[in-house]
Amino acid sequence: MLRTTTGGAGNGTAGAADQLVSIGTVLNQLREEFPEVTISKIRFLEAEGLVEPQRTASGYRKFSPRDVERLARILRMQRDHYLPLKVIREHLDAVERGEQVELPAAPQREPLEGGPWEAAVQDRPTAARVGRAELLAAAGAGEEELAEWESYGLVVQGVDGGYDAEAVTVAKLVAELGRFGLEPRHLRAVKAAAEREAGLVEQVVAPLRRHRNPQTRAHAEATAKELAALSVRLHAALVQTALGIRLH
């Protein structure tokens with residue numbers, strides 16, 4: 001549960017000022033529940049008018065406990081309900097006016113195929129597929145942006161016209177990178193590297209997947225997942241190493 005920092009029992013503006021925190025402190029408070037949240041995401045929500053922190057004379061943002069709780073509600077509605085920012089803003093404004101407003105039900109999870117052993121080894125996201133509008137809402141992006149991501153093969157639409165959990169994750173990350181000035185054309189090398197890494201994993205697990213024994217085939221999925229995790233860790237370490245060399 002989100003924990004906010006409150007001041008003491010003081011009265012007046014001094015007591016209220018004691019409760020104001022920096023954007024870095026807000027980030028630390030939110031990350032307990034939302035580990036993927038970033039400072040750029042908080043700034044984006046402010047730019048969209050969903051939260052209005054106070055500003056110091058020097059221009060630094062200062063957030064009240066009410067601001068932090070509002071941010072948490074926004075992130076929950078994006079995560080659990082895939083709601084557009086406009087709908088989220090209208091809902092929060094209605095709640096603050098004292099109106100009783102119900103949110104749409106969260107999407108149901110689809111059951112995994114196979115027995116309990118297969119379910120145990122597949123801990124990747126299994127949320128129901130979402131539509132185009134829901135994907136746009138989750139990423140906080142527009143139709144033109146999504147069309148461009150798809151043109152570069154970064155986000156892939158399923159044959160049924162929907163998007164799976166991995167596509168939603170990719171869309172969110174591409175959107176976040178875009179706010180730092182990185183465009184889809186800059187990410188072609190990242191996609192190419194991911195495809196090469198996936199090819200290496202496939203080489204290892206392909207013989208296991210062709211096996212007649214169901215347990216061996218299930219083991220192939222567990223092996224693929226473990227190799228993918230190791231590949232991601234190696235990639236992150238190599239990027240950090242390269243940055244360390246170039247920045248020193």
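Q: Which stretches have a pLDDT under 50 or below 50?
A: Residues 4–10 stay under 50, and the model gives them nine contacts beyond four places in sequence, where contact means heavy atoms within 4.5 Å. Residues 107–127 are also below 50, with 28 contacts in the model beyond near neighbours in sequence. Where pLDDT is low, the predicted coordinates should not be read in detail.

Q: Why are helix 3 and helix 4 called roughly perpendicular?
A: Helices here are DSSP runs of H or I with at least four residues, numbered from the N terminus. Axes are lines fitted to C-alpha atoms, for helices over the stretch in contact, and angles run from 0 to 180 degrees between N-to-C directions. Helix 3 (residues 39–47) and helix 4 (residues 65–81) pack at about 100 degrees with axes 12 Å apart; angles under 35 degrees count as roughly parallel, over 145 as roughly antiparallel, 65 to 115 as roughly perpendicular and the rest as oblique, so the pair is roughly perpendicular.

Q: Which residues make the contact of helix 3 with helix 4?
A: From helix 3, K41, I42 and L45 meet L71, I74, L75 and Q78 of helix 4.

Q: What makes L45 a buried residue, and which residues does L45 contact?
A: L45 lies in helix 3 and has a relative accessible area of 1%; buried means under 20%, exposed over 50% and partly exposed in between, with a 1.4 Å probe and protein chains only, and L45 is therefore buried. Leaving aside neighbours within four places in sequence, L45 is in contact with L50, V51, L71, I74, L75 and L85. L45 and L85 are 40 residues apart in sequence, with 8.6 Å between their C-alpha atoms.

Q: What makes a set of residues a nonpolar core, and which members of the largest one touch the most others?
A: A nonpolar core is a set of buried Ala, Val, Leu, Ile, Met, Phe, Trp, Tyr and Cys residues joined through side-chain atoms within 4.5 Å. The largest has 23 residues, of which V26, L30, I42, F63, L71 and I88 touch the most other members. Helix 4 supplies the largest share of this core, six residues. Apart from it lies another core, of 17 residues, among them A141, W149, V168 and A175.

Q: How do you know whether A175 and E176 are buried or exposed?
A: A175, in helix 9 (residues 165–178), has 7% relative accessibility and so counts as buried. E176, also placed in helix 9, counts as buried because its relative accessibility is 15%. Not counting residues up to four places away in sequence, A175 touches A139 and W149, whereas E176, with neighbours within four places left aside, is in contact with T38, S40 and K41.

Key
Residues numbered from 1 in each chain as written. Predicted model: local features only at pLDDT ≥ 70, side-chain atom pairs only at ≥ 80, totals over all residues. Heavy atoms only, no water. Helix = DSSP H or I, 4+ residues; strand = E, 2+ residues; numbered from the N terminus. pLDDT = per-residue confidence, 0-100.
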